[in-house]
Amino acid sequence: MVNKAVKTMSIKGLIKSNIREIPDWPEKGVSFKDITPLLQDKEIFGRLIDELAKPYINKKIDKIIGIDARGFILASALAYKLKTGLTIVRKKGKLPFKTISKKYSLEYASNILEMHKDSILPGEKVIIVDDVLATGGTMEATVGLIKELKGKIIGIDFLIELNYLKGRKKLKGYKIKTLVNYKQ
Ligand code: AMP
């Protein structure tokens with residue numbers, strides 16, 4: 001990507017044109033959205049974090065919540081930009097201290113997500129970030145964990161929404177922002 005084009009194109013256009021689609025990965029029928037080309041470009045990475053941060057400037061957010069594993073990358077840069085703390089949601093068995101956990105369903109299996117018990121204080125204002133909204137199960141479980149700790153969810157942000165999987169249905173009542181959409 002030529003630098004001049006990066007500076008003048010809309011961030012949404014830039015993101016979409018730099019997502020690498022890998023058909024049938026990690027299994028047949030899945031079109032994997034690889035965000036590493038976005039992260040590798042110093043202009044695009046900075047601009048997409050600025051875009052995610054925009055609605056929350058001066059909103060006194062306490063923490064950004066990042067989901068294992070690509071959500072961590074976005075959440076940590078966003079936390080630095082917004083001068084907030086960072087909390088991580090991990091797959092079962094990775095966190096060393098006392099945890100709370102939630103089970104969620106994938107297409108043919110189930111998984112468990114965990115957070116440290118002390119990672120959000122009651123009433124703290126949080127934003128949750130992940131790379132892709134697909135069926136919504138991962139984010140629904142994360143919302144459940146945050147509610148258990150009595151955090152106040154101000155917004156839920158994704159780079160990419162796979163609209164045809166209707167993940168939003170599982171997140172009714174929350175303010176959701178997605179930067180690029182795939183209708184089919
Ligand atoms: P879901 O729980 O179905 O909404 O899946 C969301 C999680 O799975 C996110 O953490 C994504 O990183 C990952 N994911 C699901 N589908 C895809 C996809 N097509 N491409 C890349 N990541 C995906």
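Author: Ala69 is placed in the loop between strand S3 (63-67) and H5. The model is predicted, and in it the peptide bond from Asp68 to Ala69 is cis, with omega near -5°. Most peptide bonds are trans, and most residues other than glycine have a negative phi. The loop between strand S1 (20-23) and S2 also deserves attention, for it contains Pro26. The peptide bond from Trp25 to Pro26 is cis, with omega near 5°. Asp24 belongs to the loop between S1 and S2 as well; although not a glycine, Asp24 has a positive phi of about 55°.

The largest pocket holds about 1,100 Å³ of space. It is lined by 37 residues, of which Val30, Phe32, Leu106, Val132 and Ala134 are the closest to its centre. Two or more lining residues come from each of S2, helix H5 (70-82), strand S5 (99-105), S7, H6 and strand S8 (152-162). The most is given by S7, with 4 residues. By class, the lining comprises 18 nonpolar, 10 polar and 9 charged residues.

The ligand sits in this largest pocket. Around the ligand there are 13 residues, and those that come nearest are Asp130, Asp131, Thr135, Gly136 and Thr138. At least two residues of this shell are supplied by each of strand S2 (31-34), strand S7 (125-133) and helix H6 (137-148). Sorted by class, the shell has 4 nonpolar, 5 polar and 4 charged residues.

Which atoms come within reach of a polar contact? A polar side-chain atom of Asp130 is 2.7 Å from an oxygen atom of the ligand. For Asp131, an N or O atom of the side chain is likewise 2.7 Å from a ligand oxygen atom. A nitrogen atom of the ligand, in turn, lies 2.9 Å from a polar atom of Lys33, in this case one of the backbone. Alone, the ligand would expose 490 Å², and the protein buries 83% of that area.

Note on methods: Residues are numbered from 1 along each chain as its sequence is written. This is a predicted model: local features need pLDDT of at least 70, side-chain atom pairs count only at pLDDT 80 or more; totals for chains, interfaces and linings use all residues. Side-chain values use heavy atoms; hydrogens and water are left out. A residue is near a molecule or strand if one of its heavy atoms lies within 4 Å of it. A polar contact is a pair of N or O atoms within 3.5 Å; within protein, one must be able to donate a hydrogen and the other to accept it, and residues adjacent in sequence count only if both atoms are side-chain atoms. Accessible areas come from the Shrake-Rupley method with a 1.4 Å probe; for residues, only the protein chains shown count as cover. On a 1 Å grid over the protein atoms alone, a cavity is a set of points where a 1.4 Å probe fits but cannot get out, and a pocket is an open set with protein on both sides within 12 Å along at least five of seven lines; lining residues have an atom within 4 Å of a point. A molecule sits in a cavity or pocket if more than half of its atoms lie within 2 Å of its grid points. Ala, Val, Leu, Ile, Met, Phe, Trp, Tyr, Cys and Pro count as nonpolar, Asp, Glu, Lys and Arg as charged, and the others, Gly among them, as polar. Grid points are joined across faces, edges and corners, and a volume is the space filled by probe spheres set on the points.
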